[in-house]
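Colleague: I would like to learn how to read the contacts in a model such as this one. Please take me through it feature by feature.

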Amino acid sequence: MFAHRHLLGIEALGRADIETILDLAEDYVALSRQRDKKRAVLKGLTQINIFFENSTRTQASFELAGKRLGADVMNMSLASSSIKKGETLIDTAVTLNAMHPDLLVVRHQHSGAVALLAKKVNCSVINAGDGRHEHPTQALLDALTIRRHKGRLHRLTVAICGDINHSRVARSNITLLNRMENRVRVIAPPTLLPTGVGRMGVEVFHDMRKGLEGVDVVMMLRLQQERMQGAFIPSNREYFHRFGLDEEKLSHARPDAIVMHPGPMNRGVEIDPNVADDPKRSVIQEQVEMGVAVRMAVMDLLARNIPNMAA
Amino acid sequence: MALILANARLIDPESGYDGPGALRIEDGLIADVAKGATPAAPEGAEVMDCGGMPLAPGIVDMRVFVGEPGARHKESYRTAGAAAAAGGVTTIAVQPDTDPPVDDPAVLEFAMRRAERASLVHVAPMAALTRGMKGREMAEYGFLLDAGALAFTDANQPVADPTVFRNCLDYAHAMGALIVHHPQDPAMTAEGSVTESLYASMLGLPGAHPFAERIMLERDMALVEITGARYHADLVTTRGALEALRRAKDKGLPVSAATSHHHFTLNEHDLADYPTFFKLDPPLREEEDRAAVAEAVAEGLIDVLCSSHRPQDEESKRQPFEIAAAGAVGLETLLPGALKLWHDGAIGLPALFERLSLAPARLLGLPAGRLAAGAPADLVLFDPDAPYVLDRFALRSKSKNTPFDRRLMTGRALRTFVGGREVFTHGVV
């Protein structure tokens with residue numbers, strides 16, 4: 001039973017909800033590997049992907065997921081345009097609502113904006129990333145990837161490394177991994193950690209080698225290059241020296257530890273190319289595959305709660 | 001004709017009196033104050049029975065934004081005056097950050113003409129501290145004082161350059177002018193829309209460290225020490241800044257401070273669902289700060305309570321939290337907000353009206369704030385226990401952006417008098 005109307009964040013999901021999504025996503029992994037990849041569970045439904053902030057990868061993943069499930073998919077890239085025209089976000093929501101979509105997939109550069117929009121429309125809304133707040137489908141696809149490699153999604157030690165402060169991926173992952181009873185570590189210089197991170201149920205490390213000691217999973221985050229001006233870090237090369245994941249630092253993790261990254265990667269800044277492209281350790285490409293399956297599962301489950309579908 | 005306000009509970013912040021009595025009003029002034037008794041009514045006097053309700057000096061609100069000129073769609077002198085009257089506010093000290101800003105006597109005179117025609121309550125104009133409120137060159141204090149300015153401030157825009165600010169303090173000090181400053185370090189608050197905290201981190205909102213307030217106030221206190229100028233911090237909302245304020249007062253510096261009712265009645269946890277009506281400048285703080293500010297008001301470390309009335313139209317607020325405009329209307333919620341301190345047992349009514357009426361009047365050099373013969377008959381009769389649910393659409397302000405919408409409030413103005421004239425009558429007493 002999946003009772004949610006929207007997927008706005010991991011925060012609202014219980015442990016059973018997460019397992020339901022991941023179990024169904026397994027089916028869609030299998031489906032996506034077949035020659036005939038289509039199902040008709042969203043047939044007749046309209047899915048609109050609205051991206052106020054550009055993201056080719058996430059948008060493509062949602063588009064493919066919708067199409068494989070038989071939805072009519074429309075993409076709208078609104079990066080800043082509506083604001084330039086003086087339109088408020090609520091005006092945009094009301095306009096979209098008049099088109100009677102069934103699923104809205106929304107990315108926005110401001111935290112809370114997707115939730116605000118969800119209040120003003122009648123359809124289901126999926127948060128495809130809002131500001132530095134949440135990116136729930138990324139956390140779910142990470143969870144699916146971990147579960148497939150480790151055989152379970154609890155009692156693991158996971159290190160999340162890098163620019164935690166600006167990362168919605170980190171927040172969603174911390175919430176999800178805690179909810180599934182894992183040990184979560186964050187590793188970063190203090191300038192890239194959010195205030196109060198120590199009270200988010202994580203262990204905090206400023207030393208990469210100590211932080212990686214014995215971990216099962218290493219999640220690297222993209223260093224937000226656009227925010228690198230100023231006083232966050234001294235330089236890219238200094239950062240790579242202290243916090244970049246290379247083979248030597250990775251050797252402190254468990255021998256079977258996997259390496260993850262939500263992409264796009266800055267090779268040589270937060271991750272060494274040899275690690276990023278090592279098929280024995282890196283599961284980064286697999287994360288992309290799991291992304292489509294998880295998004296199919298989420299849309300399938302939400303569509304079951306659309307009133308006229310139940311009738 | 002004389003008016004007798006009989007059978008009242010007089011609240012006089014100047015003498016500390018809180019007890020039964022009556023007032024006689026003649027020619028717009030308080031002609032007589034009878035404590036514990038009703039004075040003999042002169043021939044033909046009108047007698048109004050106050051029903052034993054508290055009668056206090058009208059509120060002097062030191063921090064009000066009116067959108068004339070430039071933003072009349074947000075608030076006009078007519079609507080601000082009506083909101084003030086309904087809130088028991090009899091004088092509004094208006095901020096100069098209009099469009100154009102009040103950095104020129106002509107603009108000041110225009111605004112005052114508009115105010116005189118349209119406002120139900122007194123308007124005390126403040127002028128810009130720097131030209132164009134850009135923080136680079138001082139405004140023409142002499143001309144502006146002659147045109148009626150009562151204080152100088154750059155409103156929400158702190159003067160970042162310490163040399164410029166020092167010169168402003170120095171020059172204004174020679175004229176005895178009051179400098180009002182918004183203590184927020186602009187570099188530290190540039191990207192923040194909330195207070196930096198664990199809670200802000202969870203919401204994913206970029207925060208400004210609460211020490212941005214303390215750092216700027218510490219700097220300002222040092223400059224006041226150098227110059228000796230009269231300085232008023234227009235909003236103090238954090239523990240750190242309170243410490244700085246206490247040190248300055250202990251040293252005997254000529255400083256005072258205000259806070260808004262929002263900052264001791266609400267805290268950051270009200271932001272759970274990204275409600276933009278709660279986006280304020282400075283932002284809502286952690287609970288420890290809220291409690292410390294309430295205590296500082298009760299103790300008198302914070303001298304003045306203000307509404308920090310900043311009307312914003314729907315367009316400015318119907319946006320994601322980070323980019324929505326900051327500010328809330330407050331003229332009609334200041335009295336119930338302030339009364340919360342009294343209901344909590346933190347402060348007596350005379351002391352509360354010292355913060356609401358007498359202290360701001362003295363800072364601005366106005367004769368208001370007292371129940372004494374010869375003082376202006378600017379008064380509020382109120383029911384401190386009246387419960388009601390606030391409906392933002394019932395507010396008199398042109399803009400309806402209040403964080404108290406649909407909240408249970410306790411206490412409201414029943415009648416408001418300005419210069420002896422009744423400008424608001426809500427309930428039958």
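This is a predicted model: local features need pLDDT of at least 70, side-chain atom pairs count only at pLDDT 80 or more; totals for chains, interfaces and linings use all residues.

Colleague: How many residues of chain B are in contact with chain A, and what area is buried between them?

Modeller: The size of an interface is often given as the accessible area lost when the parts come together. Contact means heavy atoms within 4.5 Å, and by that rule 18 residues of chain B touch 24 residues of chain A. Buried area is the accessible area (1.4 Å probe) that two parts lose on being put together, summed over both. Between chain B and chain A it is about 1,800 Å², with 55% from carbon and sulfur atoms. On the chain B side, B:L198, B:R318 and B:P320 lose the most area to chain A, together 30% of what that side buries.

Colleague: Which side chains meet in a salt bridge there?

Modeller: A salt bridge is a side-chain nitrogen of Lys or Arg within 4 Å of a carboxyl oxygen of Asp or Glu. The count between chain B and chain A is two; one of the pairs is B:D273 with A:K119, at 3.2 Å from N to O. Helix α6 (residues 198-203) of chain B gives the most to the side that touches chain A, with four residues; helices here are DSSP runs of H or I with at least four residues, strands are runs of E with at least two, and both are numbered from the N terminus.

Colleague: Where are the domains of chain A, and how far apart do their centres lie?

Modeller: Domain bounds come from an automatic or database domain assignment. For chain A the assignment gives domain 1 (6-133 + 289-304) and domain 2 (136-283), with C-alpha centres 25 Å apart. Their contact takes 35 residues from domain 1 and 28 residues from domain 2. The area buried between these two domains is about 2,500 Å², 59% of it from carbon and sulfur atoms. In domain 1, A:I10, A:R15 and A:R132 lose the most area to domain 2, together 29% of what that side buries. Five salt bridges are counted between the two domains. In another salt bridge entry, the side chains of A:R168 and A:E53 meet at 2.9 Å, N to O.

Colleague: How is the pair of rings of B:Y141 and B:F152 described?

Modeller: A pair of aromatic rings is described by the distance of the centres and the angle of the planes. Rings of Phe, Tyr and Trp (its six-membered ring) pair if their centres lie within 6.5 Å; planes under 30 degrees apart count as stacked, over 60 as edge-to-face and the rest as tilted. The structure holds five aromatic pairs over all chains. For B:Y141 and B:F152 the centres are 4.6 Å apart and the planes at 50°, so the pair is tilted. B:Y141 lies in helix α3 (residues 141-146) and B:F152 in strand β9 (residues 151-153) of chain B, so the pair ties together parts eleven residues apart in sequence.

Colleague: Which peptide bonds are cis?

Modeller: One joins B:D99 and B:P100, with omega about 0°, and B:P100 is in the loop between β7 (89-94) and α2 (105-118) of chain B. Another runs from B:D281 to B:P282, with omega near 0°.

How values were computed: Residues are numbered from 1 along each chain as its sequence is written. Chains are lettered from A and ligands numbered from 1 in the order in which they are written. Side-chain values use heavy atoms; hydrogens and water are left out.
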